[in-house]
Amino acid sequence: MHVSFYVEPQWLIFAAGLFVGSAVAAAIAYALLRQQLVSLEASRAKSKASRSYSPRRVRARRGDTHEHENGVSSSQTRSNGQTPSVIQVTRDAGSLDVADAAVSPRRAAAARGDVTEDEWTQGNRPDPLAAIKTARHVEEGSVASKPVHSIRASGDRSSHGVQEPLKKASGAAVSAPAPPYAVSTAYASHSIPAYAHQAPPPAPPPAHTLSTAVDLMNTGKIIEDAALLDQYCRVITPEPAINEETEEVCALLQQCYALRDKWLFTARVCPAEQHPGLQEAAAPSHINGDPFDWEPQPVAPFDFEMQDGVFRVYDDAAHTSEPFPVPGNSFDFFSDMSRMCKIAAMGPIKSFCHHRLMLLEQKFNLHVMLNADKEFLAQKTAPHRDFYNVRKISLVGCINSLLSPMSLVVQTTDNEDLFLKVDTHVHHSACMHQKHLLRFIKSKLRKEPGEVVIFRDGKYLTLLEVFESLNLTGYDLNVDTLDMHAGKESFHRFDRFNLKYNPFGQSRLREIFIKQVSPPAQPASDVAIMDNILHGRFLAELTKEVLVDLEASKYQHAEYRISIYGRKQVEWDILAAWYCQNKLYSDNVLWLIQLPRLYNLYKEQGIIENFEQLLDNIFHPLFEVTRDPNSHPQLHLFLKNVVGLDMVDDESRPERRPAKHMQTPAEWNLKHNPAYSYYAYYVYANLYTLNKLREAQGLNTIAFRPHAGEAGDTDHLVSAFMLCENIAHGINLRKSPCMQYLYYLKQVGLCMSPLSNNSLFLDYHRNPFPTFFARGMNVSLSTDDPLMIHLTKEPLVEEYSVAAQVWKLSATDLCEIARNSVLHSGFPHQIKMHWVCASYWKPGPDGNDVHKTNVPNLRMRFRYDCHSEELNLVMSGAAAHEVRRHAKSRE
């Protein structure tokens, strides 16, 4: 088939004419444009020649004299009579040495003939980070081809930047100290220290947009260097007027500040002095080796006995010398606590602290407005780090990383651990998610239906018989019938929340699946002691599955809290045997011991006689195994992975605040429970002596890290401030400005769980976590009870993701919170060196490595500066009050 088209001749003629006309018009336009460019180039050359060949410039180029022999511009002299320092750099003997400060870089470049002043103005804009770029250019080994002959240098206000001499081309050192500049604006960019100009920089590049990942990374490195040298857009506020009332307030705050130093247990030496040449370690097993390897240990030459509820250690048989005394007795502690409670309730204290906290919050908001983009760019200096922190390089972009050509050639291995998040507050019995527990129950019901699991009503029951007695089959089981999610019905009902630990609402299933203690030598009818007859095998298998999931994630670690009730001393040996026999060690997990405050329940059941007996059951085995590890070998191995002691129970129960004169634990044989602070002191006092003894034996110490401030009175937070390393929750700090400010000044860790609080005591949108974080408090996120609270396989990531979405947290915010979680944890010193920084204990940028934490030094510098200012304000006010008081006493 043939197809033909017919076109009229007039259309062909029209198309040809249109084509020819367009070509002629383009040729004419090209000729006119070329002529204009030629004339413009000739004009520039003529102008350049007229300037370059003036007699003065010719003499300057020959080196006979400077272009401005007597040229000292009036602009070089400040109002205070000082002149800014100038760094003098010469290229060679024949080059233009514009030593005079009046020679601008533009005129110097024009004098050399490199570029005209117009070209400089059109194509080169001043770069505020040019000096820092120069320093990094020199560090990388590059040599600048065209020096800048005159650079203003200003003094570095920070002690972190030590000025170094500058090297000339001939090798002579030139130092250029400079006077500080006065700042009068709302924010200011800090001056650039002289040592940043170690070599002349190249000519400024033309302005362009950062469009590639390499450009972003280079700019981020410049910003990081500037933050290390205390150069960033910083919010500057006028110092408050110090009057007599403010001085008195600062003096009272300083007294409260000193009380924590008095009572808190601290190691004899700081980490730097303890192991000066210690190498980093990627996992705890790299430090301790086989966690279940037992060798006989020597017996310590100490003796101990309990007096007034506190174990005392003696180094002689006569019990006359006490090497590890407690900082004070109960009378001293309750007196100090009462005084701090009175100070926290004073009106001037509340006003001052509230004002300072609000100012800190507004500073952070302004900091984010001014520096958020810089922090984002600074995170690009670690191209293989982001919030998720996978071990191997992936070509999939994550939150904070951009795919760049550099990421295709850098190789990492499985041994290169990246920065991690630690779940510092999670109860072991609820560490799994609901679907996991349901899957495990179904598996056991299918594979081991004939396993004898419980003794009830005078007979032994198999697993299948237990479910048949409940009228349940494997087909009926689902998440809804499991009924372990805390909903609206548990809000402000701690009793209902505790009932959620029972699968399908049955306490016998809790004893079978999530109890680890086997029955001691007690009558079978004693249900208070009887747990299960499996020796915790089901819970051990379930725990191993959780550990496998945790290790597979590779970037999450956890600290599981497991209970010791204090009913019998044998509980410690039973727990240690369960741990060792089932080999529940993991490099991703450490353990805390939680002590339920259930004295009243045990007293009512007749298990114990008084409070001292409860303390003896808890601490006597610990002192015994510390003095002689051979007496409890499994407990000795287990305690190597125990890093903290916790106190748990419903804080919302009404209680009477302890007075200065309280009954001793031996005298406390009442039926009602002692107050929170009464528990706290006696647990602290025994733990203090125990830690001193373990430290003397070269063993790991156990921190006091209780629940505090989830509900209840302010004295819970006061006693925790004095005695504890960090606390869980702390949401009641929002009700006490004084205590909140003190927790900020001492940077006490708060392991907060907003989703858990949302189910029990406080709606999510009212949670103070974002406010605490903005004000610079030392906060981290944790899960608390994933079994009741969370819905996903990774509850910690769920906690972070919900917080990020609801409170609009940036990538920098999330990484800072994750960094705090590592510092809150009890992982060994070498591990924190590997995860955070070789000197992680130092404040500010000195204790941070952005390549490990993904937290920009810019953020760490801001936090450090704000904290230093607040601390200096309080201490200077207290010192002024002391001077005023002495002056009045002399009058």
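1. Ile562 counts as buried, at 3% relative accessibility; buried here is under 20% relative accessible area, exposed over 50% and partly exposed in between, with a 1.4 Å probe and protein chains only. Ile562 belongs to strand E12, residues 556-563. Helices (H or I, at least four residues) and strands (E, at least two) are DSSP runs, numbered from the N terminus.

2. A word on provenance: this is a predicted model, in which local features need pLDDT of at least 70, side-chain atom pairs count only at pLDDT 80 or more, and totals for chains, interfaces and linings use all residues. Residues are numbered from 1 along each chain as its sequence is written, and side-chain values use heavy atoms, with hydrogens and water left out.

3. Back to Ile562: what does it touch, not counting residues up to four places away in sequence? The list is His428, Gln516, Leu575, Trp578, Trp591, Leu592, Ile593 and Gln594, where a contact means heavy atoms within 4.5 Å. Gln594 sits 32 residues from Ile562 along the chain, with 5.7 Å between their C-alpha atoms.

4. For the protein overall, I get 32 helices and 19 strands. Of its 891 residues, 51% count as buried. Among contacts with a separation of 6 or more, 75% come from residues 24 or more positions apart.

5. Have a look at helices H11 (residues 347-378) and H32 (residues 857-890): their axes come within 11 Å and cross at roughly 160 degrees. Axes are lines fitted to C-alpha atoms, for helices over the stretch in contact, and angles run from 0 to 180 degrees between N-to-C directions.

6. The contact residues divide into seven nonpolar, two polar and eight charged. Nonpolar covers Ala, Val, Leu, Ile, Met, Phe, Trp, Tyr, Cys and Pro; charged is Asp, Glu, Lys and Arg; the others, Gly among them, are polar.

7. How many disulfides are there? The count is zero, taking a disulfide as a pair of cysteine sulfur atoms within 2.5 Å. For Cys250, the nearest cysteine sulfur is that of Cys353, 9.0 Å away, and Cys250 is buried at 0% relative accessible area. Cys341 has the sulfur of Cys256 as its nearest, 9.5 Å away; Cys341 is also buried, at 11%.
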